[in-house]
Amino acid sequence: MFVVTLKFSANKAKAPALMEGHNAWIKRGFDEGIFFLSGSIQPSAGGAVLAHDISRPDLETRVQEDPFVVEDVVTADILEITPGRTDERLAFLKA
């Protein structure tokens, strides 16, 4: 399981022009079953994505395809978590 943080850089003002492409990137992650949560980091600091069922190298490649990353609107950081204990609703993360 991975937590991807996308923290705004000094180029945050470019975000509105790239939002359609960024949203398409997020949608593709959901459609392909890789992303299972996305949202904003408050207050207005960027965004985060929870991902699973992907290797770290493949996720790194995917993150580099986000238009926000390509255009340096955000800096991305990937935190890898090996679930040890989960609520039964999240048991799929241990697979």
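Proline 43 sits in the loop between β2 and β3. Strands are DSSP runs of E, at least two residues long, and helices are runs of H or I, at least four residues long, each numbered from the N terminus. This is a predicted model: local features need pLDDT of at least 70, side-chain atom pairs count only at pLDDT 80 or more, and totals for chains, interfaces and linings use all residues. Residues are numbered from 1 along each chain as its sequence is written, and side-chain values use heavy atoms, without hydrogens and water.

The peptide bond from glutamine 42 to proline 43 is cis, with omega near -5 degrees. Most peptide bonds are trans, and most residues other than glycine have a negative phi. Two residues here have a positive phi without being glycine.

Now helix α2, residues 56-64. Its buried residues are Leu59, Arg62 and Val63. They lie on the same side of α2, because they cover an arc of only 100 degrees around the axis, taken from the directions from the helix axis to the C-beta atoms. The face turned away from that buried side carries the exposed Pro57 and Gln64.

At the start of α2, a side-chain oxygen of serine 55 comes to within 3.2 Å of the backbone nitrogen of aspartate 58.

Key. Buried means under 20% relative accessible area, exposed over 50%, partly exposed in between (1.4 Å probe, protein chains only). A polar contact is a pair of N or O atoms within 3.5 Å; within protein, one must be able to donate a hydrogen and the other to accept it, and residues adjacent in sequence count only if both atoms are side-chain atoms.
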